[in-house]
Structure formats: structure tokens, C-alpha cells
Amino acid sequence: MHRKLIKAPHRLFIRFSSLWKKRFGVLPMRESIADLTEWFESPLGNALLKEEKEAVADGLQTVFGYHLLQLGVSGRIDLTEESRISHRFVLHPQVEQNQRLSALVDFNHLPLGSESIDAVVLHHSLDYSQSPHHLLRETTRILIPRGHIIVVGFNPWSPWGICTSLARIFKSKARWRFQYLRLGRLLDWLTLLDMEPVAIYKGFFRPPLPQENAIKHLQWIERWSKRLHSPWGGFYMVVARKDHIPLTPIKPAWQKYRPLPGMAVTRILGPAPGLRSYLRMRSPFITTHYNRV
């Protein structure tokens, strides 16, 4: 009876936690793609995407290399058009129409070799991932040393984050059910993964109103917020560089020399003489007595 009383609160907490995640938690990305793709084609999603493209274009001006990978929530969106890297490709977990898709993958298990990609763009992939830290660690694994990662995510401490928190209570659509990943928390994760933040950008300071006319009339908020460097942007973009430098082992100097033929010691006849025996052999005043059989 006593054991049942102890286990009951724990079981109740687990059940409440599972119900909370089922109603308000982040859905699997394959279940969120259709709703997110439709939302990015709406007036509000288009306005947000326009601001994000400008920010990513500025961040890509200092990124060079041979291979550029984009991991986003929609395969139809291309954020790497302004990049100088010639080989740009997209990996996505689901097939969509009119998309620039190179292969179907699971974001948590990227089929790429370690240290093989020069730059990676994560477009809200961490927001709609059920294990964002694992995805970020997998992304840093495929980056070459001194490679760059560009992360675009929603800012929970903004009018956008407040409105989406209220929308999540009344609506169960996948577009509002994302990770509330703070910028400070993301920077801590990047530091643990040997990534150094190079640039931080924040944008879309207007409230997330769905009407197209309201979005246009509130354009002045965007201009003044950028001039005043307001921290309340609806999204943030972080450009980070991988500081892990590979080390080349240097062999000791004695391994470079090889003994001459016939000069190497192949057999040891006995122990080396000690100090007393050595002095006795070198001194002319000490006579050596041999034991005769």
C-alpha cells in the first residue's frame, strides 16, 4: 500500500506531461511541413520570409567554400541565391512540389561524412525539431574546421513570441507549435560545440498581423526599430564559425633515423657493468682476481 501511494504522484505527473506534449508540444517535422509550407505562402509568411532572405544574404557575403547545404522546414524556399558558393543543395525529409530537393533525409541522421561541408543554413529547423540540440550537434559534425553555420529561428522574447504563445492555446496548428529557443540558450549550445558566434541579426519588429494592408502600414516600425537596434525582433539570425582546428601528429625525432646495416644491436649477452665494475676495470692500481675452477 505504501509503494502505491509513492508511485501514484509520479505516474500522474508522467500522464500530465504526455497530455501536455500531445496538445502543445512540437509535432514531428514530417507532420508540420505541409502546414508550414502553406503558411509561408500567406501575406504574413511572405513578409517574414522577405526579411529573413535579406538577413541571410548579408550573412552569406563573408562565407566561402565549395559546398553549401540548406536544411529548412520547406523545400520550396531557397535562401542561398546570393551566395558565391557554386555547389548549393537542399536536403529535406519529405517530397514537395516545385522544390529544389537533392535527397530525402532524416535531419537527426545526416548521410554526410564528417568535416565535408563548408557552410550550412538552418532555416527554422531547430524551432520545429523535437531534438534541436541533437540536430545542431549533427550539423557541426559535418562542418569543416573554420566552416560556418547560419541559424534562423523565432525569438520568444518579442511581440511575435507573445502572440504565438496565445495562438498556441486556442489553435493546434503546427505553425504555432515550435520550440521556444532563446538566443542566449542557442549561443550556449554553440559554445559547447566549439562554435564561435561571428554575427547576430534580428528582424521583423512588427506584430504578426495576418492582414496584408496592416503589414504594409506598419512598415515604419521596421525602419525605426532597425535604426534604434531594438532587441524585440520576431526572428534572429546567428552566423557562427567552427573553431575546431585539426591537429597533425608529429613523430618524435628518433623515429626519423634508421640504423645502418650491420650496426644494429640484435642480441644482448648480459647485463651492463655497474659503476664499481667500470671503475675497477679502468683503474691501474686495482688488481682483478679471477676465481679458477
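# A guided tour of the predicted model

Begin by selecting Asp194, which is partly exposed with a relative accessible area of 44%; here buried means under 20% relative accessible area, exposed means over 50%, and partly exposed lies in between (1.4 Å probe, protein chains only). The model is a predicted one, in which local features need pLDDT of at least 70, side-chain atom pairs count only at pLDDT 80 or more, and totals for chains, interfaces and linings use all residues. Residues are numbered from 1 along each chain as its sequence is written, and side-chain values use heavy atoms, with hydrogens and water left out.

**Two positive phi angles**

Asp194 sits in the loop between α6 and β6 (195–203); helices (H or I, at least four residues) and strands (E, at least two) are DSSP runs numbered from the N terminus. Its phi is near 60°, a positive value in a residue other than glycine. Next, select His229, in the loop between α8 (219–227) and β7. His229 is likewise not a glycine, yet has a positive phi of about 55°. With a relative accessibility of 67%, His229 counts as exposed.

**The whole protein**

Of its 293 residues, 41% are buried. Among contacts (heavy atoms within 4.5 Å) with a separation of 6 or more, 72% join residues 24 or more positions apart. The accessible surface comes to about 19100 Å², 59% of it belonging to carbon and sulfur atoms; such areas come from the Shrake-Rupley method with a 1.4 Å probe, and for residues only the protein chains shown count as cover.

**Salt bridges between separate parts of the chain**

Side chains of opposite charge can pair when their charged atoms come close. A salt bridge is defined as a side-chain nitrogen of Lys or Arg within 4 Å of a carboxyl oxygen of Asp or Glu, and the count by this rule is ten.

Select Arg175 and Asp35, whose side chains meet in a salt bridge at 2.7 Å, N to O. Arg175 lies in the loop between α5 (159–170) and α6 (183–192) and Asp35 in helix α2 (residues 29–40), so this pair ties together parts that are 140 residues apart in sequence. Both Arg175 and Asp35 are buried.

Move to Glu41 and Arg76, which form a salt bridge with their closest N and O atoms 2.7 Å apart. Because Glu41 lies in the loop between α2 and α3 (43–59) and Arg76 in the loop between β1 (67–72) and β2 (87–92), the pair ties together parts that are 35 residues apart in sequence. Glu41 is partly exposed at 49% relative accessible area, and Arg76 is partly exposed at 36%.

Now select Arg146 and Asp243, where the salt bridge spans 3.3 Å, N to O. This pair links distant parts of the chain, 97 residues apart: Arg146 is in strand β5 (residues 143–154), and Asp243 is in the loop between β7 (235–242) and α9 (275–282). Arg146 is partly exposed, with a relative accessible area of 45%, as is Asp243, with 30%.

To see a network of salt bridges, select Glu51, Arg206, Glu222 and Lys226 together.

**A buried aspartate**

Which side chain of opposite charge is nearest to Asp127? Asp127 lies in the loop between β4 (117–123) and α4 (132–142). Asp127 is buried but has no salt bridge, and the nearest side chain of opposite charge is Arg168, 9.2 Å away; Lys and Arg count as positive and Asp and Glu as negative, while His and the chain ends are not counted. The side chain of Asp127 does make a polar contact with that of His124 at 2.9 Å. A polar contact is a pair of N or O atoms within 3.5 Å; within protein, one must be able to donate a hydrogen and the other to accept it, and residues adjacent in sequence count only if both atoms are side-chain atoms. Beyond neighbours within four places in sequence, the residues in contact with Asp127 include Val26, Phe154 and Phe178.

Thr164, in helix α5, is buried at 0% relative accessible area. Its side chain reaches the backbone oxygen of Gly161 at 2.9 Å. Leaving aside neighbours within four places in sequence, Thr164 is in contact with Trp176, Phe178 and Tyr180.

End at Leu110, in the loop between β3 (103–104) and β4 and buried at 5% relative accessibility. Leu110 and Ile142 are 32 residues apart in sequence, with their C-alpha atoms 8.4 Å apart in space. Ile142 is one of the contacts of Leu110 beyond four places in sequence, which also include Leu71 and Glu138.
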